[in-house]
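This briefing is for a reader who is meeting the structure for the first time. The points after the display are grouped by topic.

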Amino acid sequence: MDVFATNFRTVDWIIVCVYICIPVVIGIIVKKYIRQLSDFIVAGRSLKLFIAIATLTGTELGLVTVMYNAELGFKHGLSAFHVGIIETLCILAIGLTGFIVYKLRQLRIMTIPEFYEMRFGRNVRIVGGIILALGGILNMGLFLQAGARFMMGVTGYSNPAGLKLFMSVMLIMVLIYTVMGGMVSVVLNDFMQFIVLSIGMLIGSAFAISKIGWGNLFAAPSIVDSASWFNPVSEGSGFGTLYVIFMVVLTFSAGALWQSGTLRALSAKTPKIAKQLYAWSSVSYLARRVIPMLWGICAFVFVSQTPKLLSAFQGPDSLNSQFGMPIFMAKILPSGFLGLIAAGMFAAFMSTHDSYLLSWSSVITQDIVAPLKKERLSDKGRLLITRICIVCIGLFLLIWGLWFEAPVSLWNYMAVTGTIYLAGAFTVVTAGLYWKKASKTGAKIALYAGLLAILGIGPWTTGENVPFYLTDKFIGVMTFLIAFLGMIIGSLLFPDKSKTEEGKK
Amino acid sequence: MNWELLWKVVLIFTLCGYALLVIIVIFGGARNIVDMLRDLTKPTDQD
């Protein structure tokens with residue numbers, strides 16, 4: 001069996017081409033609704049519950065999400081499901097308690113660093129904005145690469161130039177409609193993509209399970225260790241207890257404060273809807289993890305039963321494990337439906353990309369450029385800077401995606417780069433909202449501590465026999481711990497002046 | 001701990017729960033979009 005053999009035919013290409021034009025048309029149509037910056041960034045704070053759920057899911061269920069979760073399933077089997085369970089419980093806890101998101105929505109802010117200024121002053125906002133933008137842009141650095149690999153796997157295009165070609169075309173499409181429509185077009189496209197992608201994923205799962213067989217799905221293939229296929233804390237599973245702890249801290253903080261997701265809560269019509277949004281979305285957070293992992297697991301079972309495919313994924317010149325799921329889906333889905341899945345995934349790629357581009361560019365405008373300027377920036381000026389930033393970030397993604405490879409796995413790369421921002425942000429926002437003694441110095445130390453996570457994407461984190469203190473999971477957990485301790489010690493040793501003086505009086 | 005049973009339950013719950021959520025959101029979301037576009041044409045941004 002040819003490794004890149006596919007059921008993708010001309011009719012599938014037509015479906016993809018027609019489908020990807022729709023978001024661009026929507027972007028043009030809704031441009032008339034964009035009158036002020038809050039319309040562009042938070043859709044005028046007009047989102048009601050169900051459309052907010054659709055758009056949050058549309059954002060957090062991107063092609064890259066499907067790719068990194070499928071890769072986890074492909075590499076680790078059913079034990080990968082633990083990440084989904086942990087994330088779901090964290091999102092549900094945030095939804096039921098309103099932890100962080102309720103208060104942030106009450107404050108009517110548009111970005112997280114806006115809160116830094118409100119609570120800790122302008123300097124903390126600028127520092128926080130720079131670290132947020134750095135972590136966020138690095139985090140989406142491999143989106144294009146993963147998206148292009150999916151399209152190559154599904155379409156069967158194995159030419160080495162395919163990666164560059166797909167990356168360039170996908171980037172141009174997403175830039176056009178994000179620059180034009182802002183959050184309103186993002187919301188409408190997210191809704192459409194939520195419908196297509198969700199239905200496609202459910203039907204795709206039925207195809208995958210029927211191909212492999214329900215019984216085979218829960219029987220570890222003979223080429224892997226049976227215990228590590230099921231148990232995430234067993235030796236050899238590739239996860240372990242430290243990894244599970246890292247996932248708890250990471251997914252809880254990301255659930256509350258990941259800018260693109262939080263932006264949906266900040267766009268909600270009321271603080272109560274922001275809270276409800278999280279409780280309802282816990283189901284879609286579970287699905288965005290478990291369904292792609294299921295595809296990855298099915299792909300691995302399929303590969304393990306096909307000698308030619310198995311040899312392609314083993315050895316020194318083996319295919320990247322991200323190719324496992326798309327190559328499998330390309331072989332089992334019928335033509336026509338494969339085009340619909342590819343179009344849905346491509347649309348998911350766009351819906352995630354647009355939100356992230358919008359998030360990080362609005363942070364640069366609102367939290368770095370505007371506070372640094374002496375005179376007040378007009379809404380028109382801010383819109384222009386935001387749009388320029390979107391294009392610049394897009395170009396960076398193209399270059400970064402062409403030469404950088406995730407050292408361990410795509411998800412681990414995402415987790416560690418996310419930690420650059422989250423370790424500091426989670427500590428600073430939590431302390432800022434719930435601890436009166438939190439000070440500016442403590443906040444700055446916590447934010448700078450997040451930069452330690454950059455060590456987690458170095459080449460020393462990969463390979464066999466890596467000492468535990470150089471693994472990405474250890475670096476991730478320690479970054480959160482240092483940020484947390486930095487906030488407490490910094491605040492106690494260097495309290496804010498005004499508060500000290502008030503205490504003396 | 002019976003990991004196999006746990007993952008079976010998780011998988012069934014995910015597929016059924018998500019299918020239900022999708023149906024609810026499709027109908028509720030369409031109504032919300034109409035309201036959102038109406039709100040955006042109003043002169044001021046009110047909470």
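This is a predicted model: local features need pLDDT of at least 70, side-chain atom pairs count only at pLDDT 80 or more; totals for chains, interfaces and linings use all residues.

**Residues with positive phi**

A:Ile100 sits in the loop that joins helix H5 (81–97) to helix H6 (101–106) of chain A.

- A:Ile100 is not a glycine, yet its phi is positive, at about 70 degrees.
- A:Ile100 counts as buried because it has 25 C-beta neighbours inside 10 Å.
- A:Arg108 is another residue other than glycine with a positive phi, here near 55 degrees.
- The place of A:Arg108 is the loop between H6 and helix H7 (112–120) of chain A.
- A:Arg108 has 14 C-beta neighbours inside 10 Å, so it counts as partly exposed.
- As background, most residues other than glycine have a negative phi.

**The nonpolar core**

- The largest nonpolar core holds 172 residues, and those with the most contacts inside it are A:Leu63, A:Leu257, A:Leu277, A:Cys298, A:Ala299 and A:Phe346.
- Helix H15 (residues 271–304) of chain A gives the largest share of this core, with 20 residues.
- Leaving aside residues up to four places away in sequence, A:Leu63 touches A:Ala146, A:Gly147, A:Phe150, A:Met345, A:Phe346, A:Ala348, A:Phe349 and A:Thr352.

- Helix H9 of chain A covers residues 143–155, 13 residues in total.
- From its first C-alpha to its last, H9(A) reaches 18 Å, close to the 18 Å expected at 1.5 Å a residue.
- H9(A) is largely enclosed by the rest of the structure, because 13 of its 13 residues are buried.
- A:Gly156 follows H9(A) and has a positive phi, near 80 degrees.
- H9(A) packs with H18(A) at an angle of about 175 degrees, and their axes are 11 Å apart.
- The two helices, H9(A) and H18(A), are therefore roughly antiparallel to each other.
- On the H9(A) side the contact is made by A:Phe143, A:Gly147, A:Phe150, A:Met151 and A:Val154.
- On the H18(A) side it is made by A:Leu338, A:Ala342, A:Met345, A:Phe349, A:Thr352 and A:His353.
- Sorted by class, the contact of H9(A) with H18(A) has 8 nonpolar, 3 polar and no charged residues.

**Helix H14 and its packing on H18**

- Helix H14 (residues 259–267) and helix H18 (residues 337–372), both of chain A, have axes that come within 9 Å and cross at roughly 85 degrees.
- H14(A) and H18(A) are therefore roughly perpendicular to each other.
- H14(A) contributes A:Gln259, A:Ser260 and A:Leu263 to the contact, while H18(A) contributes A:Ser355, A:Tyr356, A:Ser359 and A:Val363.
- The classes in the contact of H14(A) with H18(A) are 3 nonpolar, 4 polar and no charged residues.

**Helix H17**

- Helix H17 (residues 324–332) of chain A is mostly covered, with 8 of its 9 residues buried.
- Among the buried residues of H17(A) are A:Gly324, A:Pro326, A:Phe328 and A:Lys331.

- A:Arg289 is part of helix H15 of chain A.
- With 31 C-beta neighbours inside 10 Å, A:Arg289 counts as buried.
- A:Arg289 and A:Phe81 are 208 residues apart along the chain, while their C-alpha atoms are separated by 7.4 Å.
- Not counting residues up to four places away in sequence, A:Arg289 touches A:Asn69, A:Val83, A:Gly84 and A:Glu87.
- A:Ser351 is part of helix H18 of chain A.
- A:Ser351 has 29 C-beta neighbours inside 10 Å and so counts as buried.
- The C-alpha atoms of A:Ser351 and A:Thr57 are separated by 9.8 Å, although the two residues are 294 apart along the chain.
- With residues up to four places away in sequence left out, A:Ser351 touches A:Gly58, A:Thr59, A:Gly62, A:Asn189, A:Asp190 and A:Gln193.

- Chain B has 1 helix and 0 strands.
- Of the 47 residues in chain B, 21% are buried.
- The contact between the chains takes 26 residues from chain B and 37 residues from chain A.
- The side of chain B that touches chain A is made up of 15 nonpolar, 5 polar and 6 charged residues.

Technical notes: Residues are numbered from 1 along each chain as its sequence is written. Chains are lettered from A and ligands numbered from 1 in the order in which they are written. A nonpolar core is a set of buried Ala, Val, Leu, Ile, Met, Phe, Trp, Tyr and Cys residues joined through C-beta atoms within 7 Å. A residue is buried if 20 or more other C-beta atoms lie within 10 Å of its own, exposed if 12 or fewer, and partly exposed in between; C-beta atoms are placed from the backbone. Helices (H or I, at least four residues) and strands (E, at least two) are DSSP runs, numbered from the N terminus. Two residues are in contact if their C-beta atoms, placed from the backbone, lie within 7 Å. Ala, Val, Leu, Ile, Met, Phe, Trp, Tyr, Cys and Pro count as nonpolar, Asp, Glu, Lys and Arg as charged, and the others, Gly among them, as polar. The expected span of a helix is 1.5 Å times one less than its number of residues. Axes are lines fitted to C-alpha atoms, for helices over the stretch in contact, and angles run from 0 to 180 degrees between N-to-C directions. Angles under 35 degrees count as roughly parallel, over 145 as roughly antiparallel, 65 to 115 as roughly perpendicular and the rest as oblique.
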